[in-house]
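The entries follow in the order in which I looked them up.

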Amino acid sequence: VVDIYGNTAVFQAHSVGMYLERDVICKTIKAIYGSRITAVYDKSSATLPYNEEIKVTDGYLFKKDNHSALQVRENGILFDVNWVEGQKTGFFIDQRVNRNLVKYYSQGRTVLNTFCYTGGFSVYALAGGAVSVDSVDSSGKAVELCEKNVSLNFPENDSHRGITEDAFQFLRDMESDKYDLIILDPPAFAKHHKARENALQGYKRINVQAFRKIRAGGILFTFSCSQAISKEQFRMAVFSAAAIAGRNVRILHQLTQPADHPVNIYHPEGEYLKGMVLYVE
């Protein structure tokens, strides 16, 4: 994966083969972008499969500028990105199209964003005219980043609330009918096939709670970024959750990653991001 923030390209290898070619990839990025790229940062330690012969240390493959964070603008919305300390490459750019869809559906709605991380969906919901937005994450640091990004865009807005709590627990304990737009965007529950069954149970549990608690006429955005889970398996887990909760549900949109994350037809696991927008009667 290569994500570009301003003049910095952040490289992340997910296989040993790609990691061993990092210098070639760095030279290729510089050749394609020229002077537009002043730094290439390798952030592979968290994603590279363990290999005792390879010592992985994150760091710059090429650097002219000495910085590790940047304020970026996505669809007119500002975010602080720190590629050294942040998750993935610093920001989840692959959700930008789906964030815009949240903005479209947020007008006049009471929104819950679970597993909020830096608050991408939360800020878009406020930009779309949400009445209020609650952002939940188990990481206090993530909630701080979320609140900072809200303040960047809406400094006088008091309709956002950051909550540091386990999202599973929050969904179990929250009152019914409070929210009419809920976003479930958890981290990957299954990073390999052996964890698939537990992951499917996890997706089913959080969706059951959302279906039980969401207000009638509500919209549910639900995602899986586990490449070991197929879109059919994820859809079946969500279908089972709707049946358990006893709610009538219609699929409005079926979502995936954007075009700059293409899927090789011989590698179906490359379709790692699966999502649905659901209308709950």
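Entry 1. I began with Ile4, which is partly exposed, at a relative accessible area of 31%. I note here that the model is a predicted one. I placed Ile4 in strand S1. Patch membership requires over 30% relative accessible area, and the 31% of Ile4 lies over that cut-off.

Entry 2. I then asked which residues form the nonpolar patch on the surface. They are Val2, Ile4, Ile32 and Tyr33, and their accessible area together is about 330 Å². I looked up the elements that supply the patch: strand S1 (2-5) and helix H2 (22-33) contribute at least two residues each.

Entry 3. I turned to helix H8, residues 231-245. The helix has 15 residues, and from first C-alpha to last I recorded a reach of 21 Å, close to the expected 21 Å at 1.5 Å a residue.

Entry 4. I listed the buried residues of H8 as Phe234, Ala237, Val238, Ala241, Ala242 and Ala245. Viewed down the axis of H8, these buried residues fall within an arc of 140°, so they line one face of the helix. On the face turned away from that buried side I found the exposed residues Glu232, Phe239 and Ala243.

Entry 5. What covers the buried residues of H8? I noted that the cover includes helix H7 (196-213) and the strands S11 (218-224), S12 (249-255) and S13 (274-280).

Entry 6. Lastly, I checked the residue just after H8: Gly246 takes a positive phi of about 70°.

Note on methods
Residues are numbered from 1 along each chain as its sequence is written. This is a predicted model: local features need pLDDT of at least 70, side-chain atom pairs count only at pLDDT 80 or more; totals for chains, interfaces and linings use all residues. Side-chain values use heavy atoms; hydrogens and water are left out. Patches are made of residues with over 30% relative accessible area and no salt bridge: like charges are joined within 9 Å, nonpolar side chains (Val, Leu, Ile, Met, Phe, Trp, Tyr) within 5 Å. Accessible areas come from the Shrake-Rupley method with a 1.4 Å probe; for residues, only the protein chains shown count as cover. A salt bridge is a side-chain nitrogen of Lys or Arg within 4 Å of a carboxyl oxygen of Asp or Glu. Helices (H or I, at least four residues) and strands (E, at least two) are DSSP runs, numbered from the N terminus. Buried means under 20% relative accessible area, exposed over 50%, partly exposed in between (1.4 Å probe, protein chains only). The expected span of a helix is 1.5 Å times one less than its number of residues. The arc is that of the directions from the helix axis to the C-beta atoms. Contact means heavy atoms within 4.5 Å.
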